[in-house]
Amino acid sequence: MSRLADWTTRKMGKFTLRFQPYTLEMNHVFTVASFSRTSTPVILTELEYEGVVGYGEASMPPYLGESQQSVTKFLNKIDLSTFSSPFDTEELLHYVDSVEEKNTAAKACIDIALHDLLGKLMAQPFHKIWGLNARVIPPTSFTIGIDTEEIIHKKVLEAEQFKILKVKLGLDTDKMIINTIRSVTNVPLCADVNQGWKNKEQALEMAHWLAERNVVFIEQPMPKEQIDDMAWLTERSPIPTIADEGCQRYSDIIGLKHVYTGINIKLMKCTGMREAKKMAELARALDMKVMLGCMTETSCAITAAAQLAPIVDWADLDGALLINNDVYDGMKILDGECHLPDRPGIGIHHLFTNT
Ligand code: MG
């Protein structure tokens, strides 16, 4: 069994922050349009206040530009000693956001730990504090990476519990992948192209082809810089288009209103639960669709994200299923449905400790 390393501990007034690097080992090589990998670096955090501990996590897939080193550097820069209460949440997170321009995953590991701490201090699960009904979470999709026909066939058979599958597209194997999946199952699919299509006419042709095969939306079909092409495609596409790489934070949304049908919110892109909730509400107010996604993460960040899942159209929260060394017990996926723990904060427990 995996064991945790030693925590780095920083005492800051009434708060104590602990953090350590950890490496998630993936069950399969994971391939999308731009890269392949077998592990994901994360940083685990604990934020303690008056003897109560909140758990947090930063996940850093390499293409996002953060690393264990950059997150550690950020966490060593934070000084919470001027804050006297975790209930000064807005002020505290505004400060954390102001320390550096980027570092969104580093900011998220503090935000998640703070929300977990707040929920524990209030003795309520965070979705209940938000007033959200855990029984109306959409079924999560399960991701099938780009692979050979034989392996895709096998992976789809293994994923029979899921009511919706997410398919990675964007190379020249797109039609083979969809045809292979359709030879096994008729469940709805969502396609994530990861910016892989460069030509708008071909993208539209593919959108029609996919719609005829019960693909319900297309995530990031074209490069995020091709705003005009994306708007052209969205206007004509028979199925919704969703911004992922093209939408990081709250301030991005307003400019995307006529460019995509909806947005994919991820805690690691947007600095955590507080901004994610605001993003979901703004997108709704703009009549845009909302998808809730994740990176490869432990059940910590996944269960934190899932607190928001009752108000989204689509949930893509399979990140902890892709690894074989999770650290926490949290949200459960049974028959493709998400079940949130009815425990205070984000509701997770350690699966193992050093002691
Ligand atoms: Mg995506």
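I count two strands as paired if DSSP finds at least two bridges between them. The model I am reading is predicted.

**Sheet.** I looked up strand 11 (residues 289-292) and strand 12, and they pair in the parallel sense over 2 bridges. For M291 I noted W314 in strand 12 as the bridge partner.

**Magnesium site.** I listed the donors of the magnesium ion: D192 (OD), E219 (OE) and D244 (OD), at 2.1 to 2.3 Å. Their spacing in sequence is D-x26-E-x24-D. E219 sits in strand 8 (residues 215-219), while D244 is in the loop between strand 9 (241-243) and helix 9 (250-253). The two are 25 residues apart, and I recorded the pair as linking distant parts of the chain. Both E219 and D244 are buried.

I looked at the loop between strand 7 (189-192) and helix 7 (200-211), where N194 lies. Q195 lies in the loop between strand 7 and helix 7 as well. Most residues other than glycine have a negative phi. N194 has a positive phi of about 45°, and Q195 has a positive phi of about 70°. I also looked up the relative accessible area of N194; it is 12%, so N194 counts as buried, the cut-off being under 20%.

Conventions
Residues are numbered from 1 along each chain as its sequence is written. This is a predicted model: local features need pLDDT of at least 70, side-chain atom pairs count only at pLDDT 80 or more; totals for chains, interfaces and linings use all residues. Side-chain values use heavy atoms; hydrogens and water are left out. Donors are N, O and S atoms within 2.8 Å of the metal (3.2 Å for Na, K and Ca); water is not among the atoms, so sites may look incomplete. Helices (H or I, at least four residues) and strands (E, at least two) are DSSP runs, numbered from the N terminus. Buried means under 20% relative accessible area, exposed over 50%, partly exposed in between (1.4 Å probe, protein chains only).
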